[in-house]
Amino acid sequence: MLTKRIIPCLDIKNGRTVKGVNFVALRDAGDPVELAEAYSKAGADELVFLDISATEERRKTLANLVLRVAEKVNIPFTVGGGISSIEDVDILLQNGADKVSINSSAVKNPKLINDLAGKFGSQCITVAIDAKRIADKWVVHLVGGKVPTELNLFDWAREVEKRGAGEILFTSMDNDGTKEGFANKALNRLSKVLNIPIIASGGAGTIQHFVDTFKEGEADAALAASVFHFKEIEIKELKRQLRDHEIPVRL
Amino acid sequence: MKIVIINYGAGNIQSIKFALQRLGYNALLSNDLEEIRSADKVIFPGVGEASSAMGKLKISGLDNIIPQLKQPVLGICLGMQLMCTHTEEGNTKGLGIFDVDIIRFNHGVKVPQIGWNQINMLHSPLFQKIKENEYVYLVHSYYAPIVKETIAQTHYGVEYSTALHKGNFYGTQFHPEKSSIAGEKILENFLNL
């Protein structure tokens with residue numbers, strides 16, 4: 001049976017993890033490679049690296065990091081942040097990334113999704129969508145949720161699928177950082193209108209939140225950062241409890 | 001042991017090279033016909049769209065060379081699919097090593113299948129010391145039905161082949177290089193064939 005995926009997300013700046021990470025066993029908690037290896041051993045199903053650097057050398061630094069991660073880590077990983085061209089994607093995939101995630105660049109130039117899916121295959125193109133509720137409508141936002149667009153979440157998600165995305169990473173800006181659970185109603189509705197996998201993101205605080213997003217939200221995967229980085233939730237224990245709730249997991 | 005990973009511009013070959021490196025082997029990435037012919041083991045990767053990948057094979061003459069190889073050959077993901085008779089993706093004629101037509105998932109499941117699923121009915125030295133229902137990482141929209149060459153199968157809306165074997169040719173739909181410890185063991189088993 002296909003299992004539900006648990007995905008820790010690592011924010012990267014200039015080749016280092018940024019958010020405070022509380023991994024006592026690590027020599028260098030700022031080293032994304034060490035952290036990735038630790039998560040892989042802890043039972044993570046996949047990893048997402050989100051690059052937030054804004055330097056001239058960012059492309060080279062990121063490619064180098066991807067190569068180092070691919071060398072050490074034996075589970076799949078996705079790289080996102082600032083990707084806006086076929087060339088960007090080519091470099092990352094050649095260095096060993098399994099998937100790339102695009103966000104703002106897809107909104108600005110939707111044809112990019114077609115171009116990337118056509119060249120590299122849908123299976124490695126994840127489209128990330130940040131949205132928040134404004135007057136009962138889910139509105140797609142850019143720049144980490146700061147700038148609203150005219151796009152409706154569900155319409156945009158359908159378009160993204162039609163253009164060839166292999167997967168959608170949906171972050172609810174209303175839930176992100178609250179630790180009060182994922183946006184399960186919206187996730188459930190997304191799951192009904194799409195036929196590609198959906199990763200739930202934003203709001204993880206407790207193990208029950210993961211149970212809810214898989215059951216009520218019908219998410220295919222759940223992504224979280226701080227609950228894993230600060231060891232508030234251990235992945236093995238999370239998976240054991242998911243299994244107790246009859247949610248299929250790799251354990 | 002000389003291991004060659006066929007490099008024809010289709011896929012994430014670094015990951016396979018690194019997985020072998022973690023096992024203590026150094027693999028050569030090449031599309032040179034002589035290098036491939038003289039290898040002890042050949043790995044035929046592939047990620048992306050079938051017809052364009054097949055086009056790339058033809059440009060370098062690899063479509064003629066691969067079916068004639070005598071040493072153990074392992075096709076991975078799209079590599080395995082291209083070793084079959086035909087694939088529905090881009091209506092592409094394959095290398096015809098495995099006598100099976102690849103078709104698209106169409107059983108009320110999400111497509112592509114992305115994630116960890118289980119392999120069972122294992123019967124091949126490729127799966128030595130791999131337990132039934134082991135988890136492997138898959139990402140694909142098309143699949144090989146169950147045939148006589150099937151050596152592992154998986155359920156996703158339908159029972160289908162996650163590994164094929166015929167003579168010196170092996171193929172896995174899953175990515176052993178991304179399937180954690182079990183995947184590395186399967187790669188090691190291949191190298192020990």
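Colleague: Why is B:Cys84 called buried?

Modeller: A residue is buried under 20% relative accessible area, exposed over 50%, and partly exposed in between (1.4 Å probe, protein chains only). B:Cys84 has a relative accessibility of 0%, and therefore counts as buried. Please note that this is a predicted model, in which local features need pLDDT of at least 70 and side-chain atom pairs count only at pLDDT 80 or more, while totals for chains, interfaces and linings use all residues. Residues are numbered from 1 along each chain as its sequence is written, chains are lettered from A and ligands numbered from 1 in the order in which they are written, and side-chain values use heavy atoms, with hydrogens and water left out.

Colleague: How do you know whether the sulfur of B:Cys84 is bonded or too far for a bond?

Modeller: A disulfide is a covalent bond between the sulfur atoms of two cysteines. Here it is a pair of cysteine sulfur atoms within 2.5 Å. The closest cysteine sulfur to that of B:Cys84 belongs to B:Cys77 and is 12 Å away, which is too far for a bond.

Colleague: How many disulfides does the rule give over all chains?

Modeller: By this rule the count over all chains is zero. A:Cys124, for instance, is in no disulfide: its nearest cysteine sulfur, that of B:Cys77, lies 11 Å away. A:Cys124 also counts as buried, at 2% relative accessibility.

Colleague: What makes the pair of A:Trp138 and A:Phe170 edge-to-face?

Modeller: A pair of aromatic rings is described by the distance of the centres and the angle of the planes. Rings of Phe, Tyr and Trp (its six-membered ring) pair if their centres lie within 6.5 Å; planes under 30 degrees apart count as stacked, over 60 as edge-to-face and the rest as tilted. The whole structure has twelve aromatic pairs over all chains. For A:Trp138 and A:Phe170 the centres are 5.7 Å apart and the planes at 80°, and the pair is edge-to-face. A:Trp138 is in strand E7 (residues 137-142) of chain A and A:Phe170 in strand E9 (residues 167-172) of chain A, so the pair ties together parts that are 32 residues apart in sequence. Such helices (H or I, at least four residues) and strands (E, at least two) are DSSP runs, numbered from the N terminus. A:Trp138 is buried at 10%, as is A:Phe170 at 2%.

Colleague: Why is the pair of A:Phe182 and A:Phe210 called edge-to-face?

Modeller: The ring centres of A:Phe182 and A:Phe210 are 5.5 Å apart and the planes stand at 75°, so this pair is edge-to-face. It links distant parts of the chain, 28 residues apart: A:Phe182 lies in the loop between E9 and helix H7 (184-193) of chain A, and A:Phe210 in helix H8 (residues 207-215) of chain A. Both A:Phe182 and A:Phe210 are buried.

Colleague: What makes the contact of A:Asp220 and B:Lys110 a salt bridge?

Modeller: A salt bridge is a side-chain nitrogen of Lys or Arg within 4 Å of a carboxyl oxygen of Asp or Glu. The side chains of A:Asp220 and B:Lys110 meet at 2.7 Å, N to O, and form a salt bridge. A:Asp220 lies in the loop between H8 and strand E11 (221-224) of chain A, and B:Lys110 in the loop between strand E7 (98-104) and strand E8 (113-119) of chain B, so the pair joins two chains. A:Asp220 is buried at 16%, and B:Lys110 is buried at 14%. Over all chains, the structure holds 25 salt bridges.

Colleague: How far apart are A:Arg240 and A:Glu237 along their helix?

Modeller: They are three residues apart in helix H10 (residues 235-244) of chain A, and are therefore separated by about one helical turn. An α-helix has 3.6 residues a turn, so residues three or four places apart point the same way. The side chains of A:Arg240 and A:Glu237 meet in a salt bridge of 3.3 Å, N to O. A:Arg240 is partly exposed at 41%, and A:Glu237 is partly exposed at 31%.

Colleague: Why is helix H1 of chain B described as largely enclosed?

Modeller: Eight of the ten residues of H1 (residues 13-22) of chain B are buried, so the helix is largely enclosed by the rest of the structure. Among the buried residues are B:Ile13, B:Phe18 and B:Leu20. B:Arg22, in contrast, is partly exposed at 28%.
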